[in-house]
Amino acid sequence: EAIYANHFSYGISSGTMSVDTAKLLSSVYARYDNGNAIDRKDITAKAADLTVINTAIAAGDKSGSPFDLTFMSPGGKTVTIQVTLKDNVPVDPPVKGKEYITGDDFFYGADQGAIGDDEAKILANTDARNPDGSKM
């Protein structure tokens, strides 16, 4: 077996990170020795690592960043990546009392299949706010 994943950045204002979001953003991929892909749902993330990351997100504290996050294949192979926490900051600061949305560029491989709206929003690290600053 083999397992691969990429480092990634995550916006603190996006809220706590689920295992599925971490898998998507890292593009974690595992394969059997015969080359066949292992279903992504069968890849696990180290719960303690995700707890540390989500505790920092909840506290709005990116000072310990980057954080380690380890994924494991069903056969026990592991890969550890780094998750960098950042602020979601618009390129042009919003005018007080106006709604806004921000997002980042991202890479997505043609071999990864069709991408849905929710996946694109996660990969682009979008942040949308109402005029009062609350999340849309």
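Residues are numbered from 1 along each chain as its sequence is written, and side-chain values use heavy atoms, with hydrogens and water left out. As this is a predicted model, local features need pLDDT of at least 70 and side-chain atom pairs count only at pLDDT 80 or more, while totals for chains, interfaces and linings use all residues.

Start with the three-stranded sheet: it is open, has the order β1-β3-β4 and pairs antiparallel. Strands here are DSSP runs of E with at least two residues, helices are runs of H or I with at least four, and both are numbered from the N terminus; two strands pair if DSSP finds at least two bridges between them. Between β1 and the antiparallel β3 (residues 29–31) there are three bridges, and Ala2 sits opposite Arg31 in β3.

The other sheet, also open, has four strands in the order β2-β7-β6-β5, and its pairing is mixed. Here β2 (8–11) and β5 (44–45) take the edges, each pairing on one side only. Strand β2 runs parallel to β7 (residues 78–86) and is joined to β7 by four bridges; Tyr10 has Leu85 as its bridge partner in β7.

Then come the helices. Helix α1 (residues 19–26) lies across β2, β5, β6 (67–72) and β7, at about 135° to β2. Helix α2 (residues 47–59) lies across β2, β5, β6 and β7 too, running at about 145° to β6. Angles run from 0 to 180 degrees between N-to-C directions, with axes fitted as lines to C-alpha atoms, for helices over the stretch in contact (heavy atoms within 4.5 Å).
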